[in-house]
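Subject: Structure for you to look through

Dear colleague,

Please find the structure below, together with its sequence.

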Amino acid sequence: MIPLLDLKRQYASLDKEINEALVRVAASGNYVLGPEVKAFEEEFARYVGVKHAVGVGNGTDALRMALKALDVGPGDEVITVPFTFVATAEAIAELGARPVFVDINPKTFNMEPDLVEKAITPRTKGILPVHLYGQVADTDTLGRICEDHGLFMLEDAAQAAGSARNGRKAGSIGTSAIFSFYPTKNLSAIGDGGMITTNDSEMAERLRYLRVHGSARKYEHSELGYNSRLDEIQAAVLRVRLPHLDTWNARRREIASIYNAELAGLVETPFVEPGCEHTYHQYTIIADRRDELSAFLKERGIGSAIHYPLPLHLQPAFAYLGYKPGDFPVSESMAKRVISLPVFPELSDQEVLEVARAIKEFYSR
Ligand SMILES: *Cc1c(COP(=O)(O)O)cnc(C)c1O
């Protein structure tokens with residue numbers, strides 16, 4: 001059995017340090033917005049290369065609060081992609097704004113900048129590109145478009161902790177960025193957690209209010225906010241794990257290079273853009289007879305997953321936006337053809353070769 005992801009192995013690799021952190025917080029009596037969160041925010045901001053990092057309850061709340069702090073509300077439009085996890089567009093819609101979708105690039109799976117300019121209207125407030133699977137979107141071109149049109153860029157870096165483009169880390173490129181520490185992400189908590197990064201000090205200050213009901217001073221509320229903080233326990237665990245993130249991401253790249261060599265010619269292996277440091281949150285290939293391959297791997301006890309089987313513009317929850325099949329052909333085609341393979345850092349070379357062997361066997365039948 002080779003699972004898609006084995007969180008027990010991740011825990012076991014640093015169990016003593018994590019146990020120590022859990023006990024330290026439990027014994028401290030300081031459970032909400034205490035010293036662990038403050039220290040982790042500073043350490044994470046330094047790692048990403050930004051002035052401010054604000055810890056919140058999860059990646060979805062990070063999106064909501066970042067958009068709110070960027071003054072997104074009813075009547076506004078935010079441009080994003082339909083080929084992502086639902087949270088990206090959900091957060092826009094929840095604030096009463098309209099998610100405006102543009103299609104992805106068929107090689108990188110990321111927002112296609114050429115399509116963005118055509119989607120801009122007088123109501124457009126900003127763009128929300130996703131660094132899908134751990135590769136940073138074309139933020140060079142997107143950044144120029146934002147400058148030309150006075151738009152914000154909010155990076156959805158939930159899948160891109162440690163990724164970089166032309167030497168700039170994901171989370172330090174846009175007006176602001178969000179991260180998720182959900183247990184399956186490259187930098188993971190042992191529960192929910194999220195972070196918002198920005199170099200804008202006013203925005204950071206507003207975010208620190210928004211996560212405590214819009215309250216700068218106790219029982220005084222300048223605006224309505226949320227109740228969404230990064231937990232002290234999660235922050236303590238994340239402080240143990242952050243120093244290992246680069247090593248883990250390097251191991252993910254090593255696993256990817258084994259797959260690339262083994263699977264060349266059989267499937268379309270991931271395309272890495274020049275200047276991009278991919279961190280393979282997912283190792284996702286484009287495969288013929290994808291559903292048959294998925295069933296074949298399952299039979300062999302090998303985990304895989306489809307990220308994502310139904311693009312957001314075709315989801316019932318977004319039917320009110322009025323999109324129809326055929327509107328985003330690249331996203332629709334990829335939804336039928338992609339499959340993600342096991343790529344977590346604790347996999348052995350032997351396991352990776354076994355997955356590759358099964359795929360070779362499938363295509364030789
Ligand atoms: C995981 C994820 C989120 C949401 O993060 P949560 O912590 O699960 O709320 C948002 N966007 C993308 C692209 C994600 O992968």
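Lys218 is exposed, because its relative accessible area is 67%, where exposed means over 50%, buried means under 20% and partly exposed means in between, all with a 1.4 Å probe and counting protein chains only. This residue sits in the loop between strand 10 (215-217) and strand 11 (220-221); helices (H or I, at least four residues) and strands (E, at least two) are DSSP runs, numbered from the N terminus. Between the C-alpha atoms of Lys218 and Asn19 there are 34 Å, and along the chain these residues are 199 residues apart.

Before you read on, please keep in mind that this is a predicted model, in which local features need pLDDT of at least 70 and side-chain atom pairs count only at pLDDT 80 or more, while totals for chains, interfaces and linings use all residues. Residues are numbered from 1 along each chain as its sequence is written, and side-chain values use heavy atoms, with hydrogens and water left out.

Salt bridges

Side chains of opposite charge can pair when their charged atoms come close. A salt bridge is counted here when a side-chain nitrogen of Lys or Arg is within 4 Å of a carboxyl oxygen of Asp or Glu, and a search of the whole structure gives 27 salt bridges.

One of them joins Glu351 and Arg9, whose closest N and O atoms are 2.9 Å apart. Glu351 lies in helix 13 and Arg9 in helix 1 (residues 7-12), so this pair ties together parts that are 342 residues apart in sequence. Helix 13 itself covers residues 349-364. Is Glu351 buried or exposed? Glu351 counts as buried because its relative accessible area is 15%, whereas Arg9, with 23%, is partly exposed. The side chains of Glu351 and Arg9 also make a polar contact at 2.9 Å, a term for a pair of N or O atoms within 3.5 Å, where within protein one must be able to donate a hydrogen and the other to accept it, and where residues adjacent in sequence count only if both atoms are side-chain atoms. If we leave aside neighbours within four places in sequence, Glu351 is in contact (heavy atoms within 4.5 Å) with Ile2, Arg9 and Glu346.

A further salt bridge brings together the side chains of Glu36 and Arg24, at 2.8 Å from N to O. Since Glu36 lies in helix 3 and Arg24 in helix 2, the pair ties together parts that are 12 residues apart in sequence. Glu36 is buried, at 8% relative accessible area, while Arg24 is partly exposed, at 32%. Both residues belong to a network of salt bridges that links Glu20, Arg24, Glu36, Glu43 and Arg239.

Asp61 and Arg64 form a salt bridge as well, with their closest N and O atoms 2.3 Å apart. These two residues lie in helix 4 (residues 59-69), three residues apart, which is about one turn of the helix, and both Asp61 and Arg64 are buried.

Aromatic rings

A pair of aromatic rings is described by the distance of the centres and the angle of the planes. Rings of Phe, Tyr and Trp (its six-membered ring) pair if their centres lie within 6.5 Å, and the planes count as stacked when under 30 degrees apart, as edge-to-face when over 60 and as tilted for the rest. By this rule there are 15 aromatic pairs. Phe40 and Phe44 form a tilted one, with 5.7 Å from centre to centre and 45° between the planes. Phe40 and Phe44 lie in helix 3, four residues apart, or about one turn of the helix, and both are buried. The pair of Phe101 and Tyr323 is tilted too, because the ring centres are 5.4 Å apart and the planes are at 45°. Phe101 is in strand 3 (residues 98-101) and Tyr323 in the loop between helix 11 (290-299) and helix 12 (329-337), so the pair ties together parts that are 222 residues apart in sequence. Phe101 counts as buried, at 4% relative accessibility. Ring pairs also link Phe40, Phe44, Phe179 and Phe181 into a cluster.

Ile145 lies in helix 7 (residues 139-149) and, at 6% relative accessibility, counts as buried. Apart from neighbours within four places in sequence, Ile145 is in contact with Pro113, Val116, Glu117 and Ile120.
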